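Here are some notes for a colleague who has asked for a careful reading of the model.

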Amino acid sequence: MTTSQNKSKPPSSNPATLNQAEEAEVAWQEAKAFYDSLASTKKPRPPKPQNAVTIAVSSRALFNMLEERRLYEEKGVEDYVKYQEQHENEPLKPGPAFPFVKALEEVNSKLRSLYPDSEELFDIVLMTNNHAQVGVRLINSINHYGLNIERFCMTGGKSPIGYLKAYLTNLYLSADSEKVQEAIEAGIAAATMFISKDEIHFSEEQLRVAFDGDAVLFSDESEKIVKEHGLDKFFEHEQQFENKPLAQGPLKCFLEALGRLQRKFYAKNERLNCPVRTYLVTARSAASSGARALKTLRSWGLEIDEALFLAGAPKGPILQKIRPHIFFDDQMFHIEGAQELGTIAAHVPYGIAQKCSKSNLKANAQPQ
């Protein structure tokens, strides 16, 4: 037998003839073959984190767990875990992030149809401080709704924030305002989820994401001018610095990630049928301060599909028309106005406007 023939032959599966490295290789190949044999009937394999747009969602943002949280607060962790184990075959009800996650998976499906081998996809991670014993109910609920969530981080009562960077998180959604604040301070795009007060129909064909501008996509530089010097000075400032881009805000990186996936559809001549649509919904007025916002996005090489300048008018009616799967804003009165008209809103605790107390946030938020 020639040397080249020896090289082309796979390692022997006879344990007596294998060294440690060969044993590890055989074990890996056998495990991979088993996983691949399931691939045709199971959910798609998650993409590698370095290639994906990773969305970390807490269990109480993904599911409605108000009753379970009440039990935890009244009777403690042991009774809470026991209850979850006793009810592990009962699927949890959808929470505020549920429609958003479903829409992400629809985008993934369309991306896979255009790019079968690409790993530039959304990857949803369940990031929760629940105990591992609760995991069975969470897994059963995810399977009940047919969600493709394979990565879990369950920290057993400890804050999961330290794991966000390890998971290469692009966006963290939670119902716990303190954890969201902690994530923002760590430089991670994050928002506190609020469930709408009315049930509305969301698009099943298109992911719709609406952003406020200042202190969300942009820094709070301009809001500081308003707070400290009033609107007249603000308008003067914005016109004076119209050609100077605003500094980036906490969710700029998420808009950037959405744009990266949108361009994959554009490259296939699918711009008009793109399943991702973005909106800028801002209290700025177009004539007095809108140009700087648009020129800032242009300087970043980012597009926004629709820009709505409301000049201080309420955002709720516009959002009711758009019906976004999620709306990000830094000011609670905009969040509350959106909720009143059925929009699922997410609060970004960033910038000078953050004067609402933590107790007020907790009173309005669904607990983590």
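How many cavities of 30 Å³ or more does a search of the whole structure find?

1. The search of the whole structure finds one cavity of 30 Å³ or more, and it should be kept in mind throughout that this is a predicted model. The largest cavity holds about 50 Å³ of space, and its lining is made up of R45, P46, P47, N108, R112, F122, D123, I124, N148 and E150.

2. As to where that lining comes from, α6 (98-114) and β4 (122-128) each contribute at least two residues to the largest cavity, and β4 gives the largest share, with three residues. By class, the lining of the largest cavity comprises four nonpolar, two polar and four charged residues.

3. Turning to the open spaces, the largest pocket has a volume of about 410 Å³. It is lined by 20 residues, of which V226, L231, A283, R284 and Q331 are the closest to its centre. Two or more residues of this lining come from each of α9 (221-229), α10 (231-240) and α14 (332-340), with α9 providing the largest share, four residues. The lining of the largest pocket divides into seven nonpolar, seven polar and six charged residues.

4. The second largest pocket has a volume of about 340 Å³. Its lining consists of 13 residues, and those nearest its centre are P94, G95, P99, I195 and E199. Here the classes are eight nonpolar, three polar and two charged residues.

5. What is the order of the strands in the open sheet of ten strands? The strands run in the order β5-β4-β1-β6-β7-β12-β11-β8-β9-β10, and the pairing is mixed. At the edges are β5 (151-154) and β10 (306-309), each of which pairs on one side only, while neighbouring strands of this sheet are turned against each other by 25° on average, direction ignored. The strand β4 in this order is also the one that gives three residues to the lining of the largest cavity.

6. Within this sheet, β6 (residues 169-174) and β7 (residues 190-194) pair in the parallel sense over three bridges, and Y172 stands opposite A190 in β7. Helix α8 (residues 177-185) packs on the sheet, where it touches β6, β7 and β12 (345-347), and the direction of α8 makes about 160° with that of β7.

7. A contact between two helices also deserves a look, namely that of α4 (residues 66-75) with α5 (residues 77-86), whose axes come within 7 Å and cross at roughly 145°. On the α4 side the contact is made by E68, L71, Y72 and K75, and on the α5 side by V77, D79, Y80, Y83 and Q84. The residues of this contact divide into five nonpolar, one polar and three charged.

8. Finally, the confidence of the prediction: the protein chain averages a pLDDT of 86, and 87% of the residues score at least 70. Over residues 1-13, however, the pLDDT is below 50, and this stretch has eight contacts in the model beyond near neighbours in sequence. Residues 356-368 also have a pLDDT below 50, and for this stretch the model shows 37 contacts beyond near neighbours in sequence. Where pLDDT is low, the predicted coordinates should not be read in detail.

Definitions and conventions: Residues are numbered from 1 along each chain as its sequence is written. This is a predicted model: local features need pLDDT of at least 70, side-chain atom pairs count only at pLDDT 80 or more; totals for chains, interfaces and linings use all residues. Side-chain values use heavy atoms; hydrogens and water are left out. On a 1 Å grid over the protein atoms alone, a cavity is a set of points where a 1.4 Å probe fits but cannot get out, and a pocket is an open set with protein on both sides within 12 Å along at least five of seven lines; lining residues have an atom within 4 Å of a point. Grid points are joined across faces, edges and corners, and a volume is the space filled by probe spheres set on the points. Ala, Val, Leu, Ile, Met, Phe, Trp, Tyr, Cys and Pro count as nonpolar, Asp, Glu, Lys and Arg as charged, and the others, Gly among them, as polar. Two strands pair if DSSP finds at least two bridges between them. Axes are lines fitted to C-alpha atoms, for helices over the stretch in contact, and angles run from 0 to 180 degrees between N-to-C directions. Contact means heavy atoms within 4.5 Å. pLDDT is the predictor's confidence in each residue, from 0 to 100.
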